[in-house]
Amino acid sequence: MKQIAQRIIPFIALTVAACGGGGDGSQRAVIQNRGSDTLLNVAQAWAEAYAAVNAKVAVAVTGGGSGTGISAMINGTVDIANSSRKMRESEIELARENGVEPVEFVVGYDALAVYVHEDNPIESLTLAQLKGIYGEGGTITQWAELGVSVPGCHSDEIVLVSRQNNSGTYVYFKETVLGDDAEYKLGSRDMHGSKDVVDLVENTPCAIGYSGLAYATEHVRMPCVTVEEGGNCVEPSVATAVSGSYPIARPLFMYTAGRPQGAVKSYMDWILSTDGQCVILERGYAPYTETECA
Amino acid sequence: MFAATRLNRRSYRNQSVARAVFCLMTVALVIPVLLIVGTLVVKGGPAISWEFLFTPPRDNMTAGGILPALVGTVWLVVVALLASVPLGIAAALYLSEYAPDNLLTRTINLAIINLAGVPSIVHALFGVGAFVLFFRFGASILAASLTLAIMTLPVVIVATRESLQAVPQAFREACLNMGATRWQTIRKVVLPNSVSGILTGVILEVSRTAGETAPIMFTGATAFVAFLPESVFDQTMAMSYHLYYTATQATDVPEELTFGVALVLIGMVLLMNAVSIGFRVYLRGLKKW
């Protein structure tokens, strides 16, 4: 048995040493960042870029959804929670009971574009028309009712593409376009991901869908959206999301546990600086304020 | 004289058919394995290079390598082994060598079997409640590894107990007859003769630990961190979670990169297994019967 132990122990020691060898004894601050899947790709890009800015700070990014981030904030296990929705009053109360005071930062905007097939000639849509197309009890079911005829769409029937009902995008579109109490029309194709919506619309001449602007491709068109009949028609773009003129753009939040200090403060300051905001722009989302990038 | 009757011929024919069917089923078992490995090698093979293995990801996961995930998985596996192997072997020793067959022992045995049947997502949530929140380890390698250790503990216990019981009773009696105590018997006779079986349990545990995603998702694995872990209280990337992330969450990831991650994960498990199996064969050579 002793012989065996003598053989095993160096093997274990070697393995541990090989893995722990990287440490040079420097004190590194770790920032725990968890939450929204919408923000995940941006948060990852930030963490990657920040490693080059400050090598003494390691940002650990994890997804799971806005709810995951918020409950981790309530339990006090994260430094920064990502969320694509505002924290509810009740959630903030819970956090306070645990001695955590969440502080809100708007770090960018996500414009929800309405997507149609590239052959679809429609130029503009009003919010009322969108409600008629998507809302329960809405009467618009044919493209002819919107004054267009779509080449390749022989039935002329509007094919609705939507999202699964636990998606933040689904909830936001419902609240903003359909109204608080309204429901979606039945019979839509509910996709499990922002990218899937655009993929389906790309291949279906009759289809209409909604998804984040970041997922736009060259093979779909995005009609401009008018708030009221006869009003200004606004193109979905980063610029119109920043200025607030595009009606279906939602803020993206980061919550810190208490007023940020030390490494967390430097990180948040960097995210809200021009450098940080150019990263979110590059990922196809809108900066929280007008930003000039190279 | 013996001549085959119709009955004989029919039985013989039935037997051939049965053999063919069972042979076909056995081959069918191998097909998925070959398909999986084949697909991974063909689609992920081009991605594999020294750079892929030894650099961190770049450009929002669309380029670069997998070093932090690779190192993270090794950390998770080693820490999980350090926790579960001593505990599992000690428990198996007690159950096999010392424990009387009474209600308590039977209850413990039942608990071990049940522990093995608990779904990994339940272990994950247990890990969050116990290690992350209650013991205040936070999301860390320690919390993730302990969760994995608890999940794989039954494998170690069962494998160890089986191999202890495979040591002939006569060996123990011979030793005890020489005046040795029970502990001396275990240390000098039982353990050396069962170590190859115990290692089999450890092999199985390593494979399972490296591949699991659910138990580490909430307890310590992270989608991205630019640095290698320095202590058990750091969060880390891991191969299984990295595969999930690149396949479903990140945009514009080249397909070969995702397949490359899967290929390395499978390769890693196979390599760990091969090392342990080699070690086991060597130890079995030292066996006295």
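Two residues are in contact here if their C-beta atoms, placed from the backbone, lie within 7 Å. Keep that in mind as you click around.

What you have open is a predicted model, where local features need pLDDT of at least 70, side-chain atom pairs count only at pLDDT 80 or more, and totals for chains, interfaces and linings use all residues. Residues are numbered from 1 along each chain as its sequence is written, while chains are lettered from A and ligands numbered from 1 in the order in which they are written.

**Before you zoom in**

The model scores ipTM 0.75 and pTM 0.76.

**Stop 1**

Select chain A. Its C-alpha trace spans about 85 × 45 × 45 Å along the principal axes. You'll find 10 helices and 12 strands in chain A; helices (H or I, at least four residues) and strands (E, at least two) are DSSP runs, numbered from the N terminus. Of the 294 residues in chain A, 43% are buried. A residue is buried if 20 or more other C-beta atoms lie within 10 Å of its own, exposed if 12 or fewer, and partly exposed in between, with C-beta atoms placed from the backbone. Take the contacts in chain A between residues at least 6 apart in sequence: 71% of them join residues at least 24 apart.

**Stop 2: a loop in chain A**

Now pick L146(A), in the loop between α5 (127–134) and β6 (159–163) of chain A. Is L146(A) buried or exposed? L146(A) counts as buried, because it has 20 C-beta neighbours inside 10 Å. Leaving aside neighbours within four places in sequence, L146(A) is in contact with I122(A), Q129(A) and I140(A).

Phi of D156(A) is near 65°, a positive value in a residue other than glycine. D156(A) has 14 C-beta neighbours inside 10 Å, so it counts as partly exposed.

**Stop 3: where the chains touch**

Show both chains. The contact takes 27 residues from chain A and 28 residues from chain B. On the chain A side, the elements giving two or more residues are α1 (2–20), β1 (29–35), α2 (40–53) and β2 (57–62). Which element of chain A gives the most? Highlight α2(A), which gives seven residues. By class, the chain A side has 13 nonpolar, 10 polar and four charged residues. Ala, Val, Leu, Ile, Met, Phe, Trp, Tyr, Cys and Pro count as nonpolar, Asp, Glu, Lys and Arg as charged, and the others, Gly among them, as polar.

**Stop 4: α5 and α6 of chain B**

Show the side chains of S120(B), H123(B), A124(B), G127(B), F131(B) and V132(B) in α5(B); they meet A143(B), L146(B), T147(B), I150(B) and M151(B) in α6(B). This contact has seven nonpolar, four polar and no charged residues.

Between the two helices, look for R136(B), in the loop between α5 and α6 of chain B. Phi of R136(B) is near 60°, a positive value in a residue other than glycine. R136(B) is exposed, because it has 10 other C-beta atoms within 10 Å.

**Stop 5**

Finish at residues 239–248 of chain B, helix α10(B). How many of the 10 residues of α10(B) are buried? Seven are, and the helix is mostly covered. The buried ones are M239(B), S240(B), Y241(B), H242(B), L243(B), Y245(B) and T246(B). To see what they pack against, show α3 (67–98), α8, α9 (214–217) and α11 (255–285) of chain B.
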